[in-house]
Amino acid sequence: MSFQNPSSDEIRALLQRVRTIAVVGLSPKPGRPSYAVSQAMQRFGYRIVPVRPAVAEVLGEKAYACLADIPFPVDLVDVFRAAEHIPGVVEECLAINAPAIWLQEGIVHIDAAEQARAAGMTVVMDRCIYKDYLALLD
């Protein structure tokens with residue numbers, strides 16, 4: 001069985017209802033893709049919540065060491081981590097009842113994606129949230 005992302009209409013609806021995005025692996029370095037994508041999404045009006053240990057803040061927002069440390073609900077968890085870390089991130093998402101997870105371009109973990117989907121999460125995998133925003137909403 002192969003994984004299928006939600007349709008363009010479903011992704012558009014997801015991006016329209018999301019307000020707060022926790023970004024796992026958000027780098028404080030402006031040259032990194034996670035920084036540029038998160039900065040662009042912030043400019044589009046989303047609240048970006050950095051999830052990265054040993055960093056106080058990124059993009060003017062307080063950073064948290066893990067998803068469980070965020071003291072408010074998030075609408076989407078956007079992941080910039082290597083594929084081998086995805087099962088752990090999915091476990092964290094399930095523990096906080098995150099409604100959706102987005103694995104950025106180049107990040108694929110079928111088993112973890114299927115686990116998240118089976119638990120009721122919306123799952124987008126191997127796609128860039130910024131590119132999809134531009135294609136579907138801009």
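Colleague: Is S27 buried or exposed, and what is its relative accessible area?

Modeller: Happy to start there, and please keep in mind that this is a predicted model. S27 sits in the loop between β1 (20-24) and α2 (33-43). Buried means under 20% relative accessible area. S27 is therefore buried, with a relative accessible area of 5%.

Colleague: Which residues does S27 touch, not counting residues up to four places away in sequence, and which backbone nitrogen does its side chain reach?

Modeller: The contacts of S27 on that count are R32, S34, Y35, R52 and V58. Two of these, S34 and Y35, are among the buried residues of α2.

Colleague: Let's move to α2 itself. What do its buried residues pack against?

Modeller: The buried set in α2 consists of S34, Y35, V37, S38, A40 and M41. Their packing partners are β1, β2 (47-51), β3 (57-58) and α5.

Colleague: And which residue just after α2 takes a positive phi?

Modeller: Most residues other than glycine have a negative phi. The one you want here is a glycine, with a phi of about 110°. That residue is G45.

Colleague: How do β1 and β2 run, and what is the hand of the crossover between them?

Modeller: β1 and β2 are parallel, with five bridges joining them. Within this pair, V23 stands opposite P50 of β2. The chain goes from β1 through α2 to β2, and the hand of this β-α-β crossover is right-handed.

Colleague: How many of the five residues of β2 are buried?

Modeller: β2 is mostly covered. The buried residues of α2 pack against β2, among other elements. Of the five residues in β2, the number buried is four.

Colleague: On to α1. Why are its buried residues on the same side of the helix?

Modeller: The buried residues of α1 (residues 8-17) are I11, L14 and L15. An α-helix has 3.6 residues a turn, so residues three or four places apart point the same way.

Colleague: A54 is not a glycine and has a positive phi. Is A54 buried or exposed?

Modeller: A54 belongs to the loop between β2 and β3, and its phi is about 70°. Exposed means over 50% relative accessible area. A54 has 88%, so it counts as exposed.

Colleague: L59 also has a positive phi. What is the relative accessible area of L59?

Modeller: L59 lies in the loop between β3 and β4 (61-62), with phi near 55°. The residue is buried, and its relative accessible area is 16%.

Colleague: Last one from me: how many disulfides does the structure hold?

Modeller: C66 is in no disulfide, and the nearest cysteine sulfur, that of C93, is 11 Å away. A disulfide needs sulfur atoms within 2.5 Å. C66 is partly exposed at 24% relative accessible area, while C93 is buried at 0%. The number of disulfides is zero.

Key
Residues are numbered from 1 along each chain as its sequence is written. This is a predicted model: local features need pLDDT of at least 70, side-chain atom pairs count only at pLDDT 80 or more; totals for chains, interfaces and linings use all residues. Side-chain values use heavy atoms; hydrogens and water are left out. Buried means under 20% relative accessible area, exposed over 50%, partly exposed in between (1.4 Å probe, protein chains only). Helices (H or I, at least four residues) and strands (E, at least two) are DSSP runs, numbered from the N terminus. Contact means heavy atoms within 4.5 Å. Two strands pair if DSSP finds at least two bridges between them. A crossover is right-handed if, with the strands pointing away from the viewer, the path from the first strand over the helix to the second runs clockwise.
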